[in-house]
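Please read them with the coordinates open.

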Amino acid sequence: MDFDVLLQVLDSTVRLATPLLLACLAGLYSERAGIFDIGLEGKMLAAAFLSAAVAYVSGNVWLGLLAGIGASLALAALHGLASITFRGDQLISGVAINFLASGLTGLIAQDWFRQGGRTPSLPNEARFTGLDLPFVQTLEPVPVIGPIYAELISGHSILVYLAFLAVPATWWILYRTRFGLRLRAVGENPAAVDTAGISVVGLRFAAVAICGVLCGVAGAYMATALQAGFVREMTAGRGYIALAALIFAKWRPWYALWACLLFGLLQAVALRYQNINLGGVVIPVQVMDALPYVLTVVILAGFVGKAIPPRAGGEPYVKER
Amino acid sequence: MEKMPAWADVILIPLISLVLAAFISALVILFIGQSPAEALKLMVTGALGSTYGWGYTLYYATNFIFTGLAVTVAFHARLFNIGGEGQAMLGGLGVAIACLYVPWPHWSIALVAASISGAVFGAAWAAIPAWLQAKRGSHIVITTIMFNFIASAVLNYVLVNVMRPKGSMDPATERFSQTIHLPTLHEILLPFGIPFSKAPPANISFIVAILACLAVWALIWRTRLGYEIRAYGHTETGAVYAGISPVKITVITMLISGGLAGLMGINNVMGEAERLVLNATEGAGFIGIAVALMGRGHPAGVFLAAILFGFLYQGGTELALWTSIPRELIVVIQALVILFTGALDNMVRTPLQQIFMALRRKES
């Protein structure tokens, strides 16, 4: 494999890892606060549709992004209502949200645009396009560093940089702020947080809302930056891969980055090569497709370090009477 | 003292949830500029107004009975098996292997063999998540989700690279032999002089599904194993104290659950397509969750809920055919049913309990 091909694969790794990373961090906030969320997929899908629809109609991609975040937040609110207010089963609520998003996006897309459940293609003005970082031209002739800078680091849409900046930001919020300490505490021992006079319900709703915003950005990125428009079921299981990355990362932000880059790399390789020939042994493309899920099961099985979820995860908090 | 009578829990709560789901679906239909009353009328005539409609309704219902029972059995041990979809996919593979590679002399023998093969494949696919849950504490919801995706990759590989006939572009197996064609409801009812439409794929698997309902009922409420499953689901510590092994119960329950999901293959693969195609399950494994939640843990409830979803499926197909309401409406209704009967259960239950408490206070 020569250098150019390697750069192209890595470049598409970054693009494909971005929605995973945003959704993974979204899940991290929610699950660290003790609210399991298997509805990441549905929230992304809803955001992808509404962002593409609004960007197409208004011609303004920023309005699209806002609309996408709004759609995702609405579903996050539903999840909060079911799992925090009514103390329902968080997993069942997530399943319901995924189906709700899948059904509603297809239904409304067909009703609004009549193109078989997709939005019309977005023109470039209504998309997030690549940004050229400073000094790209100047550095271009420099061997190795020049192409790396131009291909790999520069030329992505603003949401990509935002996603990568969200990693240190999340680390800082979780481990260096009072809010982060409380958020982690509410996922481990909500009774203790309650005793300290801090609202468990408020903290959990805040976490679910942050999760909604990040899923909204992830969905908007898919429809307005990665691709030009919404297609039915376009998230194609990415919400679940993000969930897998979250477990792989053991609910920690920096590890989440590496896990998402790894799964993004797998997707990039599967996209570029149908079957990979490793000295006579042919790895079929389906193996690449299944690898993130297999890796997650292996990690969950605790054969490679144990993944221990936040202790109060999945448990509705009931105040003692 | 019970907060409310048992009939309210079994009948009233699912009914109220259903009414809420129907109400919101009606709003959705209004939102896209169609008439909910017209849509309902069309769904009823399309799904229940003819033996043609009934044939499709019962065909879909057969799938949902199997997957609904699968989720129900697991629920009794307080295990949430989201992997019905993957287990049904593998079950279909098992059925296809049994049907393709052995020259069965008669469909009845083939049906027995295919049932066993499908159930074994489905159970095997559930066995790994079950073992990981029991022995290593890996969350079964996550592992079964992952196994759904792995199943779809496995099936894709097998159909594209192994079982596809030479020269065929279509990722599907060969057609099964005509000697093992399962009798359809039309063929079963003809000797009794009952006319039933020839076209729909409803077949003898429907009767197998009813038998499965009876078997699950007997298992859960009439056997020692069923008692252990319920005891374990009710309180794990109590069950352990009573000498019930959590590992054993988890694994056995999931094997039964996966086996039931795998059995679905005799209906959609052997009964309908008569060959294995990609995405043969069409999400039936997920509908099993909604069916199980509506069915309130009882096979009779699962049966009724499966018929209801069969009706929704066939009615929704008719809607998509004759109006501009797309098929996705079914998915929305399915989501709403899961939401109201599962996640928002307390929203319906708490006010209802208060009403019953108030009524009782008035009486006394």
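1. Angles between axes under 35 degrees count as roughly parallel, over 145 as roughly antiparallel, 65 to 115 as roughly perpendicular and the rest as oblique. The axes are lines fitted to C-alpha atoms, for helices over the stretch in contact, and the angles run from 0 to 180 degrees between N-to-C directions. Helices (H or I, at least four residues) and strands (E, at least two) are DSSP runs, numbered from the N terminus.

2. This is a predicted model: local features need pLDDT of at least 70, side-chain atom pairs count only at pLDDT 80 or more, and totals for chains, interfaces and linings use all residues. Residues are numbered from 1 along each chain as its sequence is written, while chains are lettered from A and ligands numbered from 1 in the order in which they are written.

3. In chain B, helix α9 (residues 224-234) packs on helix α11 (residues 246-263) at an angle of about 110°, with the axes 10 Å apart. The two helices α9(B) and α11(B) are therefore roughly perpendicular. Leu225(B), Glu228(B), Ile229(B) and Tyr232(B) of α9(B) make the contact with Pro246(B), Ile249(B), Ile252(B) and Thr253(B) of α11(B); two residues are in contact if their C-beta atoms, placed from the backbone, lie within 7 Å. By class, this contact has six nonpolar, one polar and one charged residues. Here Ala, Val, Leu, Ile, Met, Phe, Trp, Tyr, Cys and Pro count as nonpolar, Asp, Glu, Lys and Arg as charged, and the others, Gly among them, as polar.

4. In chain A, the axes of helix α1 (residues 3-32) and helix α7 (residues 158-176) come within 9 Å and cross at roughly 25°. That angle makes α1(A) roughly parallel to α7(A). The crossing of α1(A) and α7(A) is left-handed; a crossing is left-handed if the near helix is turned anticlockwise from the far one by less than a right angle, and right-handed if clockwise. On the α1(A) side the contact includes Val14(A), Thr18(A), Leu21(A) and Arg32(A), and on the α7(A) side it includes Val160(A), Ala163(A) and Thr170(A). Its residues divide into 10 nonpolar, two polar and two charged.

5. Which angle separates helix α11 (residues 238-248) of chain A from helix α12 (residues 253-272) of chain A? The angle is about 135°, with the axes 8 Å apart. That makes α11(A) oblique to α12(A). Their crossing is right-handed. Ile241(A), Ala245(A), Leu246(A) and Phe248(A) of α11(A) meet Ala256(A), Ala259(A), Cys260(A) and Phe263(A) of α12(A). The contact has eight nonpolar residues, with no polar and no charged ones.

6. The loop between α11 and α12 of chain A holds Lys250(A), whose phi is near 55°, a positive value in a residue other than glycine. Glu233(A), in the loop between α10 (200-226) and α11 of chain A, also has a phi near 55°. Most residues other than glycine have a negative phi. With 14 other C-beta atoms within 10 Å, Glu233(A) is partly exposed; a residue is buried if 20 or more other C-beta atoms lie within 10 Å of its own, exposed if 12 or fewer, and partly exposed in between, with C-beta atoms placed from the backbone. Lys250(A) counts as partly exposed with 15 such neighbours.

7. Helix α4 (residues 90-113) of chain A has 24 residues and end C-alpha atoms 34 Å apart, in agreement with the 34 Å it should span. The expected span is 1.5 Å times one less than the number of residues. Of the 24 residues of α4(A), 21 are buried, so this helix is largely enclosed by the rest of the structure.

8. Helix α4 (residues 84-101) of chain B has 18 residues and reaches 26 Å between its first and last C-alpha, close to the 26 Å expected. In α4(B), 15 of the 18 residues are buried, so α4(B) is largely enclosed by the rest of the structure.

9. Between the chains, 35 residues of chain B are in contact with 36 residues of chain A. On the chain B side, α5 (107-136), α6 (140-162), α15 (328-343) and α16 (345-363) each supply at least two residues. The largest share, 11 residues, comes from α6(B). This side of chain B divides into 24 nonpolar, eight polar and three charged residues.
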